[in-house]
Amino acid sequence: MISGKINQFASQISAEVISNKKVGPYHHMVFAVGDMAIHSKPGNFVAISVGGEQSSQILRRAFAIYRALDKGPMGGSIELVVAPSGQGSKWLCQRSIGEAVDFVGPLGTAFGIPTVNANAMLIGGGYGSAPLFALAELLKNKGCRVDMVLGASTANKIYAPLEGKRSVSSLTLTTDDGSTGIHGQISEAIPRLIREYGTEVIYSCGPMGMLAAVDKIAQEFNLVHQCAVEESMACGIGVCMTCVIPIKHEDGIKMVRSCIEGPVMDGSQIIWDRKAVMDGL
Amino acid sequence: MSALDFSTKIGSKRFSNPIFTASGCASSGQELSQFFPLTEIGAIVTKSIMVKARTGRATPRMAETPSGMLNSIGLQGPGIDTFLEKDIPWLVEQQAKVIVSIAGESVDEYGVLARRLRSVPGISALEVNISCPNVENRGQVFACNPDTATAVIEAVRRNIGGELPIVAKLSPDVTDIVEIAGAVINAGADGLALINTLLGMVIDTNTMKPKLAGKTGGLSGPAIRPVAVRIIYQVHQAFPNTPIVGMGGVASGRDALELILAGASAVSVGTATFGNPKAAFDIKNQLEMLLLEKGFTDFRDAIGFAHRGI
C-alpha cells in the first residue's frame, strides 16, 4: 500500500558505474548513487535513461534493485541484475566503469515484512530472482525461516549468486528442460514445498504467468502472497498511466499503477484472468 | 539575472512563464512535485477529467517507437467529483497555476463539466479536449468535424460564464486544421491547444498481432514535432490574434523556441516528462537562456517570429 507523499523518497541523479560483470546471460552492475541507497528497500526499482543524449529511445527502463548498500566503499551503491534483452538493456550492459547513467529512484512499493516471525517462501522466475536476495537477508535478520525457490527455462538462466545463498534456509531450483534441479515449471514444485516447510507467507517475482500460477496456489493454501508485478511502463513515476494492473474493486475492475501502488502488490487483489479483464472493461 | 519579461497571456489570464505541462502527462501534479517546485513553471495542465470515473483500456497501453511512443490509456481518471475534492485543493495549496483539461463523451457532458468548474477558485483556464484518439468510436472525435467541434465549444462557452478562458485542444488528424480552428474560435474559444497525438499503430512481428490491447494509440514525442510546428505555423498565420498553447515532442528549450517562433504563446511539455521528471523545469530554464542569447527582452516578441518578413 502507498502511504505518505507519492515518490517521496525518489530523486534524479547521475550514477557512476563502479562494476559491471557478466554472470551467465546476465550482467551484475554496481552504481554509485550516494543517498539514493538509504531509502531503497527490497521490491523498489530504479528508472534509468538509456541510449545517451541523442538517443531515439525516449523512455526510461525500470529495473528491480538487486541490492542497496548505504555505506559501501564508494558511499551509497545500488546493484542491478540486467538481462540484455532489448535495445535499452543492451545499451546499459555495455556501460564501462566510470561512465555515468541517469537514475530516478527509489520508486514503487517494497515487500512488506511480517511483524512476527513467519516461515517465508521466496519464489523467483528467471532474473526475477534479483530483488529476492536482499529480501531474504532482511527476513533472515528478523528471524524468519526463508525457503527460496528459483526457476527458469534452463540452468544458466537461474540467477543465484553464492552470496545470496547464505541468507536462505533452503534453496530449490527448477528448470523447464530439466538441466538442473527439479524438471518442470516452478509452480508444479511449490505445493509440495509449502507442505514440507510449513510456509506461512509467499513472496514472488518473475513473469506475470508465473505470478498468476503462484497466486492460485497461495489462495488454495490460504497464504498471504506478495508479488512484484511487471507491465509495460513509460515513466516509472506515476504520470503516464500505462503500467496499470487490474485489481478487484466494488464496481468491478480498478486499474492501479504498478509504479506507485506496485510493483509489490497483494496477489489476492489482482485480477489475473485476462479474459475476465477484457470482458469487464 | 534577466532583463527578460518571460510572462505570457492566454485570453484574459497571465502566466509567469510560457512553459506548461501537457494534459495526460503530469497527472494532477503531485507525482512531479517531488522533482521540482510546481510554481516554477507557467501552469500545470491536469489530465483530462470526465464526468464519471473511468477505468480506461486494457494493457499493454504503451509501445515505444523511434523518437516517440504510442499510448492507449482511454482517459482513465477519477471523475470530476473526486478531482474537485482532492486534486484541485492540493494544487491550490501548492500555489500552482492550474489549467483544467476536460473531456466528455457527449456535447452535454462537456456542458456539465464546464458548469461544475465555473465557480471553482484557483483555476486559470479550461482546456477542452475534443481530440483524444483513444475513445471507443474514432468517429466520435469531436475535433475531426467543424460542426461537432463547434457544438462542444458553444456548450462550454454557454456554461462557463465570462471569466475563464477556453482553450480548445485539436487533433492533427484532419485534412484542414485551419477550418477546424476557425470553427472553434467562432464558437467562443479564446485559445487553441495544438497538437494532440496522431493516431498510430505498432504490430509486434514476434506475436504478429497489434502491440497495444486497444490496437491503435496516440503517437507522441519528438517524432511528431515537425507536424506540430507546421500546424502551429498554419493556424497562427490564419488567426494571428488567437493564442496557441503549442505541444508535440518538445524535449528542450530549443524545441520550445521552435514552436514559439511558429506562433505558440505557450508550450506544453508532455512525453519528455516520462524520460525526465523535471523536463518542464529544465526546458523553462533553457528557453529563458536562449531568448536572452537571441536578444529578446520580452518573450512575446518571439511569438510567431518565423512569420515576419526578412
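Figure 1. The model is a predicted one, in which local features need pLDDT of at least 70, side-chain atom pairs count only at pLDDT 80 or more, and totals for chains, interfaces and linings use all residues. Residues are numbered from 1 along each chain as its sequence is written, while chains are lettered from A and ligands numbered from 1 in the order in which they are written. Strands (E, at least two residues) and helices (H or I, at least four) are DSSP runs numbered from the N terminus. A:Asn7 has a positive phi, near 60 degrees, in a residue other than glycine. A:Asn7 counts as buried, with 26 C-beta neighbours inside 10 Å. A residue is buried if 20 or more other C-beta atoms lie within 10 Å of its own, exposed if 12 or fewer, and partly exposed in between, with C-beta atoms placed from the backbone.

**Figure 2. An open antiparallel sheet in chain A.** Seven strands follow the order S4-S3-S7-S1-S2-S6-S5; two strands pair if DSSP finds at least two bridges between them. Strand S4 (61-64) and strand S5 (67-72) of chain A are at the edges with a single partner strand each, so one side of each has no neighbour in the sheet. Neighbouring strands are turned by 35 degrees against each other on average, direction ignored; axes are lines fitted to C-alpha atoms (for helices, over the stretch in contact), and angles run from 0 to 180 degrees between N-to-C directions. S1(A) and strand S2 (residues 26-32) of chain A run antiparallel and are joined by 7 bridges. A:Ser19 stands opposite A:Val30 in S2(A).

**Figure 3. Two cis peptide bonds.** In chain A, the cis bond joins A:Gly105 and A:Pro106, with omega about -10 degrees. A:Pro106 is part of strand S7 (residues 100-107) of chain A. In chain B, the cis bond joins B:Thr59 and B:Pro60, with omega about 0 degrees. B:Pro60 sits in the loop between strand S4 (44-45) and strand S5 (62-65) of chain B.

**Figure 4. B:Ser27 in the loop between strand S3 (19-21) and S4 of chain B.** Phi of B:Ser27 is near 50 degrees, a positive value in a residue other than glycine. B:Ser27 is buried, having 24 other C-beta atoms within 10 Å.

**Figure 5. Helix H2 (residues 107-117) of chain B and its buried residues.** These residues are B:Tyr110, B:Gly111, B:Leu113, B:Ala114 and B:Leu117. They cover an arc of only 165 degrees around the axis, which puts them on the same side of H2(B); the arc is that of the directions from the helix axis to the C-beta atoms. The buried residues of H2(B) pack against helix H1 (80-93), strand S7 (98-102), strand S8 (125-129) and helix H3 (146-160) of chain B. Residues are in contact if their C-beta atoms, placed from the backbone, lie within 7 Å.

**Figure 6. Where chain A touches chain B.** The contact takes 28 residues from chain A and 32 residues from chain B. On the chain A side, strand S15 (252-257) and helix H6 (274-280) each supply at least two residues. The chain A side divides into 17 nonpolar, 9 polar and 2 charged residues. Ala, Val, Leu, Ile, Met, Phe, Trp, Tyr, Cys and Pro count as nonpolar, Asp, Glu, Lys and Arg as charged, and the others, Gly among them, as polar.

Terms used
Two residues are in contact if their C-beta atoms, placed from the backbone, lie within 7 Å.
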